[in-house]
Amino acid sequence: MSGSDAAASAQADAAAICAQVAAVFSAPSAHPPARSVLVSELAAAAARGGRVFVHGVGREGLMMRALCMRLAHLGLPAHCVGDVTAPPAGGGDLLVASAGPGAFSTVDAICGVARGAGARVLLLTARPVGEFPRRQADVVAHLPAQTMADDEEEAEAEAESAPSRAKLPMGSLYEGAMLVLFEMVVLELARVLGQSPAQMRARHTNLE
């Protein structure tokens, strides 16, 4: 493949991936927009002086850590569950947890501990209807994107009908949509909290 052909192929793949991610935010949902839910809950936690904890597993966990970093840049006391410096959660605090396919045993356990300690739990998921969200979440943010669970179902369907495959495999669409969602949340939350890019930059570590 020539250099120009490789560049055109990369551009086409990038456009297709970006289009898939963008489509997530126009997909129909019976729930309020995830961005609105997250901004509202995070702003409320900041107003009451609560701490914010984030948790996710696998690649979802990496996206949650990216959110945590930006929340710290916004001046919020934000912590990743499992970090050795994470304080105990309690009343007034907020746990933002992700379970794209609807439930993970470890996420379930963490949410249960947080709620038992009096913290509020926000669950981000692609499957908002189910026993786990009803039992463990105070509020649900619906991100209607393909996850590992959907990918397995589509693989079974392909064995029969062989439709065209999606560009992004497994849970990549959900995880990519998480990153875009969090960037939108940070932009809106910065406006709500009155934080400028310069103020955010001043909180970035110098130990790099």
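Here is a short talk about the sheet and helices of a predicted model.

Tutor: Residues count from 1 along each chain as its sequence is written. In this predicted model, local features need pLDDT of at least 70 and side-chain atom pairs pLDDT 80 or more, while totals for chains, interfaces and linings use all residues.

Student: What is the mean pLDDT of the chain?

Tutor: The mean is 90, and 92% of the residues reach 70 or more; pLDDT is the predictor's confidence in each residue, from 0 to 100. Over residues 161-165, though, pLDDT stays under 50.

Student: Which residues of α1 meet α7?

Tutor: Gln20, Val21 and Val24 do, against Leu173, Gly176, Ala177 and Val180. Contact means heavy atoms within 4.5 Å.

Student: What makes β2 and β5 edge strands?

Tutor: The open sheet has the order β2-β1-β3-β4-β5, with parallel pairing. β2 and β5 (139-142) each have a single partner strand, so one side of each is left without a neighbour in the sheet.

Student: How do you know that β1 and β2 pair?

Tutor: Pairing takes at least two bridges found by DSSP, and β1 (residues 52-55) and β2 (residues 78-80) have three, in the parallel sense. Among them, Val52 has Ala78 as its bridge partner, and Phe53 has His79.

Notes: Side-chain values use heavy atoms; hydrogens and water are left out. Helices (H or I, at least four residues) and strands (E, at least two) are DSSP runs, numbered from the N terminus. Buried means under 20% relative accessible area, exposed over 50%, partly exposed in between (1.4 Å probe, protein chains only).
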